[in-house]
Amino acid sequence: MIRLPRFEYFAPGSLDEATRILADRGPEAMVVAGGTGLLPNMKRRQQVPKVLVSLGRIPELKSVAGVRLGAGLTLSTLCAQDAVKAQYPGLWQAAAQVATPQLRNMGTLGGNLCLDTRCNYYDQSYEWRKSINFCMKKDGDVCWVAPGGCRCWAISSTDIAPALVALNARVRLVSRQGAREIPVESMYRMDGMDHLTRKPDEILSEVLLDDATDWRSTYWKLRRRGSFDFPVLSAAAAIRLDQGGVVQEARIVLGAVASKPLLIEEAGRALTGKLLTDDSIAEAAEKAFAAAKPLDMTDFTAAWRKRLTAPLVTYALKELRGDDMSAQRERLVRHEW
Ligand SMILES: Cc1cc2nc3c(=O)[nH]c(=O)nc-3n(C[C@H](O)[C@H](O)[C@H](O)COP(=O)(O)OP(=O)(O)OC[C@H]3O[C@@H](n4cnc5c(N)ncnc54)[C@H](O)[C@@H]3O)c2cc1C
């Protein structure tokens, strides 16, 4: 059995108290919500905070008020919200495909958005990592994905972030210094080691969504096991159509191909002002294919993941057009291409 390292544990009852503890204890402290991402990492000594500040007893993080979703909502609770399913189907589909029912009962919205980046050379036991002299992301100097380079290529594997970037959602970050709201997209940077712009003493308290009356959204995920697995490629899309079916705005985002969710602006532009025809969809899918540059840091080969970018985006957009894509969703689970 792999044991957790020793740590001090705090379970504050308010956001105010939690931010105070984080400010007092500095970089040795981390917050823990459901613990489904952080605790396995601690067991493997990938992350070794000396202090854990639990968010589980803070009621204000668990509220749902219209377009404001508390970061402490479990993914099961999020999926049980009929309004989320009806207005933000892309978000609902992403949340419903995270891990397993048991993990969704524990894992939270905020924890998913702040999930550590992943890599074949990093998500291993301490002994395994030691046997290769570790990697740049923890305890070593070299990125084994691209040994000649000077950056870490671990990928963003959160399912929910691409869906929220597509919906142009924002997050509220709270610390002793005050609160700020930023687009979800701005919370990420292209650096596998330091992938969050969120400061260590900031708590993600809420996700803020815009009214989605005129929007359609969806989320498609490629993974090895259809029952549960991290994404190795995902496509989130959100579009706003006018009465005549002409695209007014389109946001297409790829997940699990880079250290942050990739908003492919060229793909959105390829659709804007046009009807969702097979041709305009193919053009947008081609732009996404060109922008996706996955490397060999996760399951499946990078070349295959890149090749599947165009079909995944095509399926997403055809579904938003109103086509019945249930057979393609089934085939995706069984890897029948
Ligand atoms: C077997 C397995 C399969 C999985 N499959 C998937 C999958 O398919 N897709 C997927 O997206 N994830 C997957 N996960 C990862 C994880 O279960 C989910 O991402 C989950 O939503 C994380 O939420 P949590 O509350 O458990 O986060 P925690 O583990 O508590 O925290 C994760 C990180 O976020 C930080 N954090 C948590 N809450 C906040 C907050 N409010 N403000 C600031 N920082 C915060 C923590 O400090 C930590 O760094 C899987 C995990 C396992 C073990």
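I started with F300, which is buried at a relative accessible area of 17%. My cut-offs: buried is under 20% relative accessible area, exposed is over 50%, and partly exposed is in between, with a 1.4 Å probe and protein chains only. F300 sits in the loop joining α11 (278–291) to α12 (302–307). I take helices (H or I, at least four residues) and strands (E, at least two) as DSSP runs, numbered from the N terminus. I also checked F300 against L233: they are 67 residues apart along the chain, and their C-alpha atoms are 10.0 Å apart.

A note on the source: this is a predicted model, where local features need pLDDT of at least 70 and side-chain atom pairs count only at pLDDT 80 or more, while totals for chains, interfaces and linings use all residues. Residues are numbered from 1 along each chain as its sequence is written, and side-chain values use heavy atoms, with hydrogens and water left out.

**Ligand**

Next I looked up the ligand. How many residues surround the ligand? I get 33, and the closest are V31, T36, L38, T108 and D159. By class the shell has 16 nonpolar, 12 polar and five charged residues. For the classes, Ala, Val, Leu, Ile, Met, Phe, Trp, Tyr, Cys and Pro are nonpolar, Asp, Glu, Lys and Arg are charged, and the others, Gly among them, are polar.

Then the polar contacts, meaning pairs of N or O atoms within 3.5 Å; within protein, one must be able to donate a hydrogen and the other to accept it, and residues adjacent in sequence count only if both atoms are side-chain atoms. D159 puts a side-chain N or O atom 2.7 Å from a ligand nitrogen. Taken alone the ligand exposes 970 Å², of which the protein buries 92%. Those areas are Shrake-Rupley values with a 1.4 Å probe; for residues, only the protein chains shown count as cover.

Domain 1 (60–208) and domain 2 (218–333) each give at least three; the bounds come from an automatic or database domain assignment.

**Core**

I moved on to the largest nonpolar core, which has 39 residues; L91, L113, I160 and V207 touch the most other members. Such a core is a set of buried Ala, Val, Leu, Ile, Met, Phe, Trp, Tyr and Cys residues joined through side-chain atoms within 4.5 Å. The largest share, six residues, comes from α9. Both domain 1 and domain 2 give residues to this core, so it lies between them.

**Loops**

H195 is in the loop between β7 (178–183) and β8, and is buried at 7%. The side chain of H195 reaches the backbone oxygen of L115 at 2.9 Å.

Last, I checked phi. Most residues other than glycine have a negative phi. N168, in the loop between α9 and β6, has a positive phi of about 55° and is partly exposed at 34%. A256 has a positive phi near 65°, but A256 is buried at 1%.

Conventions:
Near = heavy atom within 4 Å.
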